[in-house]
Amino acid sequence: MGVPAERVRRLIVDVLTAWGMDADLAETTAEVMVDTDLAGIDSHGVSMLMTYENFRAQGRIDLRARPVVVREGAASALVDANRGIGHPASQFAMRMAIDKARASSVGVVSVVNSHHFGAAGYYAEMAAKQGMLGLVTSSANLSCAAPTGSVVPRLATNPIAFAAPARRNPNFLLDMATTTVAVNKVKVYDYHRKPLPTGWVVDDAGLPVADAAKALDLIRESDVGALTPLGGTPEMANHKGYGLSMMAHILAATLCGGAFPAIQERDDPDGPHNIGHFFLALDPAAFRAAGSFEDDLDDAIDVLHETPPLDPAQPVLVAGDPQAKAREERGRDGIPMPDTLLAQLRGVAERAGVEFALAP
């Protein structure tokens with residue numbers, strides 16, 4: 001079933017405002033979530049409503065919170081999200097980073113005391129749309145990934161996103177977890193009742209888990225067994241994913257005072273999640289003539305697109321191409337919704353006392 005984006009946006013706004021969120025914050029959050037679904041990232045869009053409902057019920061999230069600047073310099077700032085949902089604080093922070101980059105060539109803004117902020121790539125591309133390079137990292141609230149050499153979860157998925165502006169091609173947009181796959185991607189496989197690819201999740205013996213429901217339970221509830229670091233196995237260099245995960249955490253959380261999830265779960269399991277985010281905007285015009293960066297990036301992307309593929313039906317793509325294709329298809333045909341997800345979203349709407357806007 002393909003659902004028009006406007007109906008998805010309406011459902012999100014209706015639910016969030018019914019939960020007590022101010023209308024402007026709800027609109028911002030819905031904008032990010034719907035854009036994520038349109039980009040084909042089903043794991044971080046409307047399917048997150050059930051998670052936010054749980055956070056609200058647990059008292060872990062303040063939907064009325066507004067971000068506040070607590071430190072500021074010419075090229076940097078620290079924003080306190082005040083335990084609010086991450087989308088409004090993150091959009092606010094990246095806009096601030098972009099404004100600082102216009103004035104100082106570079107802008108760096110950290111966010112502390114936040115929650116899940118959706119897809120990191122959304123915020124990185126905010127910079128690219130303004131002709132700048134954008135770099136985003138984030139910590140997360142769940143220890144679900146094991147360090148290389150163990151199956152005991154100590155790290156979160158800790159995403160990294162990087163965007164750069166092109167002219168003729170879609171903007172370069174890399175958006176990746178530092179684990180082989182994100183938790184929510186496992187959730188999407190469970191919605192579709194699809195077996196997991198080998199190596200995404202391992203059990204307490206280090207053996208691959210194929211059943212998505214079992215894997216979700218293991219990731220969320222077990223002290224042993226986890227997502228693998230990017231790379232999957234030590235033989236496939238998953239120490240690189242492990243190192244990238246720590247880099248993302250240091251930039252996003254250690255820098256601003258965000259929590260390390262394994263320590264938070266040990267010392268204050270019922271306390272605020274205190275997720276941290278990192279936003280950097282860089283103006284290429286500080287380094288070369290205006291427009292020349294975009295021209296050179298287009299030339300590089302063209303060469304990659306022209307690379308002979310192994311399978312003629314599967315041309316070589318560049319980061320950002322899949323999202324651009326998904327936007328075109330989903331803008332025309334609607335956002336696909338499996339029956340399992342529709343049933344869960346209907347339940348959220350009923351419990352919030354709002355109309356189920358996705359009903360045919």
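In the predicted model, helix 7 (residues 212-221) has the buried residues Ala212, Ala215, Leu216, Leu218 and Ile219. Here, buried means under 20% relative accessible area, exposed means over 50%, and partly exposed lies in between, with a 1.4 Å probe and protein chains only. Helices (H or I, at least four residues) and strands (E, at least two) are DSSP runs, numbered from the N terminus. Viewed down the axis of helix 7, its buried residues fall within an arc of 165°, so they line one face of the helix. The arc is taken from the directions that run from the helix axis to the C-beta atoms. The packing partners of these buried residues are helix 6 (183-191), strand 8 (201-202) and strand 9 (226-227), where contact means heavy atoms within 4.5 Å. At the start of helix 7, a side-chain oxygen of Asp211 comes to within 3.1 Å of the backbone nitrogen of Ala213.

Residues are numbered from 1 along each chain as its sequence is written. As the model is predicted, local features need pLDDT of at least 70, side-chain atom pairs count only at pLDDT 80 or more, and totals for chains, interfaces and linings use all residues, while side-chain values use heavy atoms, with hydrogens and water left out.

Rolling a probe the size of a water molecule over the atoms shows where empty space is left. A cavity is a set of points, on a 1 Å grid over the protein atoms alone, where a 1.4 Å probe fits but cannot get out, and its lining residues have an atom within 4 Å of a point. Grid points are joined across faces, edges and corners, and a volume is the space filled by probe spheres set on the points. A search of the whole structure gives three cavities of 30 Å³ or more.

The volume of the largest cavity is about 70 Å³. Its lining consists of Asp35, Thr36, Ala39, Ile41, Ala119, Gly121, Tyr122, Glu125, Leu173, Asp175, Gln323 and Arg327. At least two lining residues come from each of helix 2 (23-38), helix 5 (120-129), strand 7 (172-176) and helix 11 (321-333). Helix 5 contributes the most, with three residues. Sorted by class, this lining holds five nonpolar, three polar and four charged residues. In this scheme Ala, Val, Leu, Ile, Met, Phe, Trp, Tyr, Cys and Pro count as nonpolar, Asp, Glu, Lys and Arg as charged, and the others, Gly among them, as polar.

The second largest cavity holds about 40 Å³ of space. Met21, Leu25, Asp62, Leu63, Ala65, Pro67, Ala81, Gly84, Ile85, Pro88 and Ala89 line the second largest cavity. Nine of these lining residues are nonpolar, one is polar and one is charged.

Two loop residues were examined individually. Ser47 is placed in the loop between helix 2 and helix 3 (49-58), and at 2% relative accessibility Ser47 counts as buried. A polar atom of the Ser47 side chain lies 2.8 Å from the backbone oxygen of Asp42. Leaving aside residues up to four places away in sequence, Ser47 touches Asp42, Lys187, Tyr191 and Leu341.

Asn158 belongs to the loop between strand 5 (133-138) and strand 6 (160-164). With a relative accessibility of 2%, Asn158 counts as buried. Its side chain is joined to that of Ser245 by a polar contact of 3.0 Å. A polar contact is a pair of N or O atoms within 3.5 Å; within protein, one must be able to donate a hydrogen and the other to accept it, and residues adjacent in sequence count only if both atoms are side-chain atoms. Not counting residues up to four places away in sequence, Asn158 touches Ser138, Ser139, Ala140, Thr178, Ser245, Ala248 and His249. Asn158 has a positive phi of about 40°, although it is not a glycine.

A positive phi is also found at Asn113, a residue other than glycine, where the value is near 60°. Asn113 is in strand 4 (residues 106-114) and counts as partly exposed at 24% relative accessibility.

Two helix residues complete the description. Arg7 lies in helix 1 (residues 5-18) and counts as partly exposed, at 21% relative accessibility. The Arg7 side chain reaches the backbone oxygen of Ala357 at 3.1 Å. Glu328 is in helix 11 and is exposed, with a relative accessible area of 55%. The C-alpha atoms of Glu328 and Pro309 are separated by 23 Å, and the two residues are 19 residues apart along the chain.

Key:
On a 1 Å grid over the protein atoms alone, a cavity is a set of points where a 1.4 Å probe fits but cannot get out, and a pocket is an open set with protein on both sides within 12 Å along at least five of seven lines; lining residues have an atom within 4 Å of a point.
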